[in-house]
Amino acid sequence: MGVREHILELQDVCITLNRQAIVEINRTIKAGEVLTVMGPSGSGKTSLLAYIAGFLGSAFQASGRIVIDGKDVSELPAEQRKAGLLFQDPMLFPHLSVGENLRFGIPQGDTNKQELVMCSLQEIGLAGYADRDPGTLSGGQAARVALMRLLLSRPRVVLLDEPFSKLDATLRSEIRLQVFERLRKAGLPTILVTHDAADAVAANGQVFQI
Amino acid sequence: MAAEVYNKLTMLRWASPVMLLLLAIPVGIGLLMVLLPAFGFMPAIGGYEFTLAHWRDLFGVPGIVRSILLSLLAGIVTPAIALAVVFLFMASASATGLDRWVRRFVSPLLAIPHAAAAFGLVFMIAPAGLLARLISPDLTGWDRPADLLIVNDSYGLAMIAGLVIKEIPFLLLVAITVLPQLNPAQRVSMARSLGYGPSVAWLKMVAPGLYPLMRLPLVAVIAFASANVDVALILGPTLPPTLSVRLLGWFGDPDLSMRFMAAAAALLQLGVSLLAVVSWLLGEKMVSKFYRLWVRSGNRLGGDSAIFFLGRTLLPAALVVIGGSMLALFLSSFSLSWRFPHALPASWTVQHWVDAIPGMGTPVFNTLIIAAVSTTIALVLVVGSLEFEQRSDRKQSSAMWLLYLPLLMPQVVFLFGMVVFAEFFYWQPNLWLVIFGHLLFVVPYVFLVLSEAYRRLDPHWSQLAAALGASPSKTFWRIRIPLLLAPALSAMAMGIAISASIFLPTQLLGAGRIATVTTEAIALASGGSRSTIATWALLQSLLPMLGFLVALFVPKILWRNRIGMQEG
């Protein structure tokens with residue numbers, strides 16, 4: 001994976017619901033940096049992620065610009081924004097095998113898809129798992145596959161929606177370290193939404209309180 | 001962004017308006033086209049001026065008042081009994097093993113065509129039926145079939161029984177589909193912690209919330225029961241028959257001038273069905289007053305054991321009757337000699353089936369082609385409009401209730417008008433007209449089965465796919481369709497079952513010239529031999545059953561190595 005430096009700018013972003021501003025933010029997140037967004041539930045953390053990814057519900061209005069690598073993407077449909085997502089659950093597509101899950105996100109032009117899948121499985125210690133049913137993976141394994149699937153889709157920014165909250169305590173710090181390390185290595189600007197102050201500490205970057 | 005995205009959705013955005021217009025316009029035209037001939041205007045057969053003469057003729061027909069009352073009675077009593085049985089069952093058996101067991105049988109039972117169930121009931125309860133054989137001569141002392149008018153009784157009780165056993169699975173399916181919105185387990189536990197018995201708790205806390213959600217399907221049941229033709233032809237009274245059967249007779253009369261009176265009768269039928277609905281709604285007001293008093297009374301245990309007993313016996317009994325009816329058909333279709341009062345045939349044969357084979361070709365082919373084409377069109381329209389709803393992130397349009405219009409109106413009335421309309425333009429009855437007629441009934445059921453599952457699918461799946469760079473169409477084909485395969489196949493099975501079992505659209509729009517398994521089976525009602533009737537009625541249930549088997553097993557086989565795809 002070629003490392004390219006990406007940069008995410010949120011310029012005067014303002015999300016409103018029923019004419020009431022719920023999030024106002026103006027930040028720049030550089031390559032490999034993590035911006036942690038914290039706030040009580042219902043405060044609009046997830047709406048901010050949805051807006052950046054391109055899924056904001058029609059009940060909301062938003063203004064401002066999302067700029068990735070100097071290009072305004074606010075008007076682009078979700079699939080062209082290249083904003084990778086991780087949710088609470090790993091959400092591996094249950095009807096596809098582990099390998100097919102990884103393949104799903106690899107950009108069309110790639111000719112060596114099979115090789116990429118094999119290498120990345122090896123990288124996360126799951127060599128030989130390509131044909132496995134994702135339903136048979138442990139929580140930690142599934143989380144690693146989900147992260148790898150995201151990286152293989154070559155995102156330009158990454159959005160994390162409380163991705164560690166469902167993991168048990170021992171697994172949580174381990175997976176958290178792996179995720180941040182890989183995102184940093186890949187030079188991806190990241191936004192992390194969380195309730196957990198320990199996540200913010202581990203992310204070791206700016207914190208935005210809603 | 002909006003403009004750009006919507007441009008790509010152009011094709012999809014038409015799905016829902018096209019679907020609604022396709023359903024609402026024919027029904028509207030159908031109703032209008034009954035109006036004109038009912039008042040004497042129908043140039044094609046020489047009616048050039050408006051007159052009330054045909055209404056005078058209609059009310060001069062002997063026994064017309066009795067026919068009206070029969071239709072009205074069936075329209076009100078059928079939903080009342082079916083609803084009571086379903087509610088008592090849910091009150092007494094929610095979340096038990098019995099509940100899970102019954103749920104498994106709902107769809108296949110729903111797949112049994114009305115006509116087949118009605119024939120089965122005849123073979124079950126008639127004086128020479130399975131039931132009488134099982135208890136004769138030990139309990140009854142009959143060694144020959146008793147001379148009793150059990151089916152075709154003059155009050156229409158057998159007909160109502162036939163309607164009730166078919167509407168119970170329908171109402172149960174509707175109730176099961178909407179129930180999760182109400183959080184029933186939580187409500188019942190809350191009430192039980194306050195000292196209410198479990199069944200009383202369900203009736204007092206869940207039923208009042210569930211009923212309003214079932215009002216529309218209940219109106220459909222009223223419309224169907226008050227105007228049905230196929231069940232009435234098989235089980236209903238004959239002297240006089242119900243209004244719907246008589247109007248169909250006049251409509252098919254070789255003397256074309258009878259068409260005018262038939263149109264007046266169709267309009268009258270609409271009035272009778274409306275009256276049944278209005279009476280139901282008035283009755284609902286009265287019942288709800290008393291019901292509220294009972295809910296408020298604070299009585300916690302009164303009647304709990306009675307409800308428990310009734311709830312756990314009535315609905316299973318109804319299911320047993322349907323099962324027994326099918327068994328009776330099966331036995332008859334393979335029996336060579338079966339003398340009363342033997343419970344089983346003395347000798348067996350496959351001759352009835354062999355004899356039926358030469359005549360099966362065309363009807364089976366027609367049934368399959370009509371079912372396949374109408375279900376495919378319906379699936380495309382329904383999935384298209386649901387997919388548009390998803391992609392454009394729009395709420396369900398308030399016009400969506402129009403979708404159910406063909407179910408809320410008495411079929412015989414607007415189909416009649418559609419035929420008049422076709423004749424107006426000298427369109428010959430043909431297969432496409434019949435397929436179009438089937439579409440009116442297939443679309444609402446396909447939508448009913450598929451829409452909940454489609455809307456309930458976690459939106460995160462599609463968001464994730466898009467975030468991984470998948471286009472909306474890749475997301476649709478690779479993610480949404482596979483994840484929704486099971487409900488989509490159920491919807492398909494439902495569409496096929498509905499198409500394979502409906503009688504009137506084929507009969508009227510095909511002018512009796514397009515034979516399906518259903519029209520053939522019903523034609524046998526008067527004059528076919530017992531074994532022939534049984535063979536055709538079974539054949540009629542077999543086709544829908546195949547659809548449901550496919551829907552049940554294909555996902556199981558396809559996803560056998562995918563834990564996450566197996567349903568709890």
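**Salt bridges, helices and the interface**

Reply: Let's start with a pair in chain A: Asp196(A) and Arg176(A) join their side chains in a salt bridge, 3.9 Å from N to O. Keep in mind that this is a predicted model.

Me: Which parts of chain A does that pair tie together, and how many residues apart are they in sequence?
Reply: Asp196(A) sits in the loop between β8 (190-194) and α6 (197-203) of chain A. Arg176(A) belongs to helix α5 (residues 169-185) of chain A. So the pair ties together a loop and a helix, and the separation in sequence is 20 residues.

Me: Is Arg176(A) buried or exposed?
Reply: The cut-off for buried is under 20% relative accessible area. Arg176(A) has a relative accessible area of 10%, so the call is buried.

Me: Which residues are linked in a network of salt bridges?
Reply: Asp196(A) and Arg176(A) are a salt-bridged pair, and both belong to the network. The complete set is Arg172(A), Arg176(A), Asp196(A) and Asp199(A).

Me: Over in chain B, what separates Glu387(B) and Arg391(B) along their helix?
Reply: Their side chains meet in a salt bridge, at 2.7 Å from N to O. Residues three or four places apart in an α-helix point the same way, because there are 3.6 residues a turn. Glu387(B) and Arg391(B) are four residues apart in helix α16 (residues 351-391) of chain B, so what separates them is about one helical turn.

Me: And which of the two is buried, Glu387(B) or Arg391(B)?
Reply: Arg391(B) comes in at 26% relative accessibility, so it counts as partly exposed. With a relative accessible area of 1%, the buried one is Glu387(B).

Me: How many residues apart are Arg455(B) and Glu389(B)?
Reply: These two form a salt bridge, with the closest N and O atoms 2.7 Å apart. Arg455(B) is in helix α19 (residues 431-456) of chain B and Glu389(B) is in helix α16 of chain B. The pair links distant parts of the chain, and the separation is 66 residues.

Me: How many salt bridges cross the interface of chain A and chain B?
Reply: Over all chains, the count comes to 13 salt bridges. Across the interface of chain A and chain B, though, the number found is zero.

Me: Then which three residues supply more of the area chain A buries against chain B than any other three?
Reply: The contact takes 34 residues from chain A and 28 residues from chain B. Between them the chains bury about 2,700 Å², and 63% of that is on carbon and sulfur atoms. Supplying 28% of chain A's share are Glu79(A), His95(A) and Phe104(A).

Me: Why do the buried residues of α10(B) line one face of the helix?
Reply: In helix α10 (residues 184-193) of chain B, the buried residues are Pro184(B), Val188(B) and Ala191(B). Looking down the axis, they line one face because they fall within an arc of 65 degrees.

Me: What do those buried residues of α10(B) pack against?
Reply: The face turned away from the buried side carries exposed residues, including Gln186(B) and Met190(B). The buried residues pack against another helix of chain B, α11 (198-227).

Me: Which residue just after α10(B) takes a positive phi?
Reply: The spot to check is just past the end of α10(B). There, with a phi of about 100 degrees, you'll find Gly195(B).

Me: Helix α25 next: is Ile533(B) buried or exposed?
Reply: Ile533(B) lies in helix α25 of chain B. It touches Phe119(B), Phe123(B), Leu524(B) and Gly528(B), leaving aside residues up to four places away in sequence. Its relative accessible area is 8%, so Ile533(B) is buried.

Me: What distance separates the C-alpha atoms of Ile533(B) and Phe119(B)?
Reply: Along the chain, these two are 414 residues apart. Their C-alpha atoms are separated by 7.8 Å.

Me: Last one: how much accessible area does the nonpolar surface patch with Leu549(B) have?
Reply: Leu549(B) lies in helix α25 (residues 530-558) of chain B, and at 42% relative accessibility it counts as partly exposed. The patch is made up of Leu546(B), Leu549(B), Leu552(B), Phe553(B) and Ile557(B). Together they have about 480 Å².

Technical notes:
Residues numbered from 1 in each chain as written. Chains lettered and ligands numbered in written order. Predicted model: local features only at pLDDT ≥ 70, side-chain atom pairs only at ≥ 80, totals over all residues. Heavy atoms only, no water. Patch = residues over 30% accessible without salt bridge, like charges linked within 9 Å, V, L, I, M, F, W, Y side chains within 5 Å. Areas by Shrake-Rupley, 256 points an atom, 1.4 Å probe, with all protein chains shown as cover. Salt bridge = Lys/Arg side-chain N within 4 Å of Asp/Glu carboxyl O. Helix = DSSP H or I, 4+ residues; strand = E, 2+ residues; numbered from the N terminus. Buried < 20%, exposed > 50% of the residue type's maximum accessible area, 1.4 Å probe, protein only. Arc of directions from axis to C-beta. Contact = heavy atoms within 4.5 Å. Buried area = accessible area lost by both parts, 1.4 Å probe.
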